[in-house]
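Please read this briefing alongside the sequence and the structure shown below.

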Amino acid sequence: STDLQIREAASNAGKLFAKSRVTGRMRKDVYERVLAFSKTKECEELDDYRKHFVRASLQDFERAGLALSNEDANELQRLLEEDSIVCSQYGGNLGADATKFFFFSRRIEGMY
């Protein structure tokens with residue numbers, strides 16, 4: 001949007017959403033339940049598609065750092081939240097940038 005207030009509101013909403021996504025990926029209680037289920041006979045008897053889903057879910061949790069110690073997991077979560085803020089600021093900066101470039105047609109000959 002060209003409206004600064006709308007862009008700021010959207011940016012703030014995006015920051016909150018990104019933070020909630022980071023927090024959701026760091027649910028150790030859910031990871032532990034999925035991990036425990038993955039070791040059961042019931043899981044072994046799942047069809048290939050469902051087994052793949054369980055394995056992929058575990059990989060996602062582990063990529064998010066849930067197999068790490070509590071101290072390392074807290075540091076990772078802090079860094080991910082910081083990253084989401086910086087990425088949101090970058091997007092906002094791009095949206096607010098009003099830089100204009102002017103070229104003579106002879107300078108861009110062959111580019112279009």
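Predicted model: local features only at pLDDT ≥ 70, side-chain atom pairs only at ≥ 80, totals over all residues.

Residues are numbered from 1 along each chain as its sequence is written, and side-chain values use heavy atoms, with hydrogens and water left out.

**Overall form**

- The chain has five helices and zero strands, where helices (H or I, at least four residues) and strands (E, at least two) are DSSP runs numbered from the N terminus.
- The radius of gyration, taken over C-alpha atoms, is 22 Å for the chain, whereas a compact globule of 112 residues would have one near 13 Å, by a rule of 2.2 Å times the number of residues to the power 0.38.
- Along its principal axes, the C-alpha trace spans about 70 × 35 × 25 Å.
- Of the 112 residues, 15% count as buried, a term for under 20% relative accessible area, with exposed meaning over 50% and partly exposed in between (1.4 Å probe, protein chains only).

**Helix α5**

- Helix α5 covers residues 70-96, and its 27 residues should span 39 Å at 1.5 Å a residue, which agrees with the 39 Å between its end C-alpha atoms; the expected span is 1.5 Å times one less than the number of residues.
- The buried residues of α5 are Ala73, Gln77, Ser84 and Ser88.

**The core**

- The largest nonpolar core has nine residues, namely Met26, Tyr31, Cys43, Val54, Leu58, Phe61, Ala64, Leu66 and Ala73; such a core is a set of buried Ala, Val, Leu, Ile, Met, Phe, Trp, Tyr and Cys residues joined through side-chain atoms within 4.5 Å.
- Helix α4 (residues 48-63) gives the largest share of this core, three residues.
- Leaving aside residues up to four places away in sequence, Tyr31 touches Leu58, Phe61, Glu62, Leu66 and Ala67, where contact means heavy atoms within 4.5 Å.

**Aromatic rings**

- Two aromatic pairs are counted, under a rule that rings of Phe, Tyr and Trp (its six-membered ring) pair if their centres lie within 6.5 Å, with planes under 30 degrees apart counted as stacked, over 60 as edge-to-face and the rest as tilted.
- Phe101 and Phe103 form a stacked pair, with 6.4 Å centre to centre and 20° between the planes.
- Phe101 counts as exposed because its relative accessibility is 64%, and Phe103 is exposed with a relative accessible area of 56%.
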